[in-house]
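The sequence and the structure come first.

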Amino acid sequence: MLLSLLSPERWVAICCAACFVMSGSEAWAADPAQSSVDSSAVEFFEARIRPVLVQHCYECHSADAKTVQGGLLLDSAAALRRGGDSGAAIDADAPLNSLLLSAMRYDGMEMPPSGRLPDHVIQDIESWLRNGAVDPRTAEAGDHAVGNEINIDEGRQFWAFQPPQSADVPDELRGQSMSQRIDFLVRRRLAAEGLTSARAADRRTLIRRLSFDLTGLPPSSQDVDRFVNDADPNATAALVDRLLNSAAFGERWARVWLDVARYAEDQAHIVGSNKALFYPNAWKYREWVINALNSDLPYDQFVTLQLAADLVAADDLQAQVALGFIGLGPKYYRRGDPEVMAEEWEDRVDVVARGLQGLTLACARCHDHKFDPIRTEDYYAVAGVFAGTEMFNRPLDGAEADKNGQAKNPDQSLHVVRDSGPKDLNVLVRGNVKNKGAVVPRGFVQVAFPGERRTFQKGSGRAELAAAIVDRSNPLTARVIVNRIWQQYFGRGIVGTPSNFGQLGEHPTHPHLLDDLAVGLMDHDWSLKWLHRQIVLSETYQQSSDLTAAAEHDPDNRLLWRMPRRRLSVEAWRDAALAVSGRLDQTIGGPSMAADDPAQNRRTIYAEVSRFELNPLLARFDFPDPNTHSARRVETNTPLQKLFLLNSPLILAQADALADAVAYSSGTDGEAERQVVAVFQAALQRVPDADEAAIATAYLQEHPEQGLKQLAQNLLASNEFWWLD
């Protein structure tokens with residue numbers, strides 16, 4: 001291996017030649033998601049932890065209990081931490097050794113006594129404890145009781161529930177491109193703080209940025225040379241149009257949507273070898289998303305088909321593949337059990353509410369929302385839509401079906417949904433399926449539209465739900481998707497909490513810009529490609545990532561005085577390694593493969609995604625948990641990642657192929673120099689500087705057998721390869 005072949009001095013030298021250590025401190029910058037860790041943790045508590053405590057623990061461990069068992073109260077944060085007769089319920093130093101968790105695991109104590117909780121619930125408790133046991137309850141006891149009455153009219157005054165409006169811009173900008181409006185609004189915000197934008201990025205930096213951002217792939221060195229030397233003032237626009245029209249565009253951006261949709265191909269649990277609840281043809285939904293984005297299917301139709309294709313396009317069987325958005329969701333054993341179905345309904349509500357509306361609606365399952373103008377009735381109005389919807393394995397042509405029309409063999413089916421009969425739900429008081437309150441008609445969240453809550457009358461209500469979401473008067477839908485796309489380009493959204501536009505979320509840094517883009521998207525027939533084009537053709541996007549004096553005033557770059565340096569996702573990095581080695585198979589669509597298999601050369605979008613056991617490569621490099629909707633990727637920087645780059649058969653295979661592609665030989669000094677230039681151009685789309693060339697050439701001459709392959713490996717592991725300026 002490389003470390004054993006190189007002396008420490010040579011290791012340092014070759015790493016420097018490969019730009020392993022970036023100039024400046026950018027590589028060690030704080031995770032942009034850190035600013036919203038608390039709100040995300042509160043969301044998790046409200047959606048996953050409080051309902052469990054209310055349903056399974058309060059009967060014996062709350063202020064309202066007839067007899068408080070063991071002196072333990074669990075209905076307030078202070079009481080939970082104080083513990084009971086057996087000691088503290090939570091061990092802050094060793095959270096996974098907490099008595100609360102031991103009791104739920106039936107390890108020594110057995111709580112609740114009615115039966116051990118399902119594994120996925122216990123895993124949620126483990127995650128909560130591991131991440132600091134954030135508990136927003138402030139009351140000393142009885143925090144589960146009904147709080148202040150929610151005032152919907154007052155709630156509608158919050159910025160997110162106000163309809164977006166076009167920005168007020170000077171007359172000379174009216175009728176101009178959205179790119180120019182972006183620049184005006186960003187610069188106006190900078191000027192208010194006494195700041196100015198960074199210089200424009202150089203041409204090499206810009207084409208790499210555009211290529212990775214729009215297609216997830218690096219440009220070739222020939223493409224870079226052509227663009228750098230193109231004097232046509234429309235060269236950048238022409239490049240953008242070519243990249244937008246590339247089939248690789250849909251592959252790159254489909255992954256963003258699949259994170260939102262918690263795409264996966266199996267379940268988190270399996271009983272023996274029973275795979276009846278798995279999704280062997282999930283890849284067909286993934287392929288539909290790719291094709292929809294490549295064809296620029298308007299976003300309102302994109303959403304509608306994923307919720308109700310069978311109802312709005314009954315004769316278009318291909319469009320019904322889109323129903324995988326719901327049809328590939330988590331399913332649990334003991335299906336039909338009221339408690340199990342309540343869990344499944346919550347998943348459907350959550351992915352729609354957070355994914356499409358930026359609302360933490362699932363936090364209202366057991367009580368009125370503690371922070372936002374959302375009543376418990378709002379939750380059950382939307383949950384009722386999914387209570388009248390069933391998961392359905394629709395037989396493929398010629399496949400055998402049972403009496404209910406389901407495919408007998410899941411391998412020969414599409415994993416979608418269908419109506420099972422309209423069903424209005426009772427409010428489940430405190431989330432308890434045995435404690436039913438008033439019936440709530442199927443409908444939408446009341447605060448989103450003027451007047452009373454919109455109710456649904458047709459079947460399950462899915463078509464009406466889709467119509468409410470894409471209604472132009474809905475204040476959230478366009479803003480949420482604009483913000484998600486903006487986040488991909490700039491590292492953080494205009495709203496830093498992309499799946500929470502509520503009180504616990506961040507307020508927009510550029511509210512007029514967010515609204516202007518949202519209105520523009522709707523005015524341009526919900527064309528996502530239009531939105532991408534406007535963003536990347538702006539001078540705001542095309543500025544450099546240089547640090548300037550503005551860093552002292554705005555160190556987090558929230559005001560966009562420069563472009564941030566961004567680390568490539570695991571998909572973009574793996575795809576880039578395959579591309580520069582010449583081994584990338586760019587076939588569109590098809591079944592899944594193992595991302596860490598060196599023999600697999602397809603793009604990482606086609607990697608198998610398992611809820612049961614995520615592929616080790618994906619897991620090591622911050623791929624999101626497919627069990628739930630993902631608002632953003634968390635970035636970690638660990639020794640295991642670098643060790644992987646040194647030892648993985650996958651990276652070694654790409655390094656070998658890259659070395660072979662530049663025709664390595666152990667010839668004369670001149671040949672070694674040409675090889676160094678060629679490998680730098682292939683991997684980094686630039687020539688080495690004088691120091692890099694001298695060090696790398698000397699190394700190749702000293703190690704004629706393996707030197708070029710080791711240099712190639714160092715380049716693929718370098719920060720310059722991993723990071724985008």
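## Cavities and cores

The largest cavity holds about 150 Å³ of space. The model is predicted, so local features need pLDDT of at least 70 and side-chain atom pairs count only at pLDDT 80 or more, while totals for chains, interfaces and linings use all residues. Residues are numbered from 1 along each chain as its sequence is written, and side-chain values use heavy atoms, with hydrogens and water left out.

A cavity here is a set of points, on a 1 Å grid over the protein atoms alone, where a 1.4 Å probe fits but cannot get out; its lining residues have an atom within 4 Å of a point. Grid points are joined across faces, edges and corners, and a volume is the space filled by probe spheres set on the points. The search of the whole structure finds seven cavities of 30 Å³ or more.

Thirteen residues line the largest cavity, and Trp-253, Leu-293, Ile-481, Ile-485 and Leu-528 lie nearest its centre. Three helices, α12 (247–260), α19 (477–490) and α21 (528–536), each supply at least two residues of this lining. Helices are DSSP runs (H or I, at least four residues), numbered from the N terminus. The most comes from α12, with four residues.

The second largest cavity has a volume of about 60 Å³. Its lining includes Val-349, Val-352, Gln-357, Phe-444 and Leu-465. Helix α16 (residues 338–357) gives the largest share of that lining, four residues.

The table divides both linings by residue type.

Gln-357, in helix α16, is buried, with a relative accessible area of 2%. Buried means under 20% relative accessible area, exposed over 50%, and partly exposed in between (1.4 Å probe, protein chains only). The side chain of Gln-357 makes a polar contact with the side chain of Thr-477 at 2.8 Å. A polar contact is a pair of N or O atoms within 3.5 Å; within protein, one must be able to donate a hydrogen and the other to accept it, and residues adjacent in sequence count only if both atoms are side-chain atoms.

Ser-527 sits in the loop between α20 (511–523) and α21. This serine is buried, at 13% relative accessible area. Its side chain reaches the backbone nitrogen of Trp-530 at 3.1 Å.

The largest nonpolar core has 177 residues, and Trp-257, Tyr-285 and Phe-325 have the most contacts inside it. Apart from that core lies another, of 22 residues, among them Phe-45, Val-52, Leu-80 and Ile-90. A nonpolar core is a set of buried Ala, Val, Leu, Ile, Met, Phe, Trp, Tyr and Cys residues joined through side-chain atoms within 4.5 Å.

Val-134 lies in the loop between α6 (119–130) and α7 (152–155). At 24% relative accessibility, Val-134 is partly exposed. Leaving aside neighbours within four places in sequence, Val-134 is in contact with Ala-41, Val-42, Phe-45 and Trp-128. Contact means heavy atoms within 4.5 Å.

Terms used:
1 Å grid on protein atoms, 1.4 Å probe; cavity = no way out; pocket = protein on both sides within 12 Å on 5 of 7 lines; lining within 4 Å.
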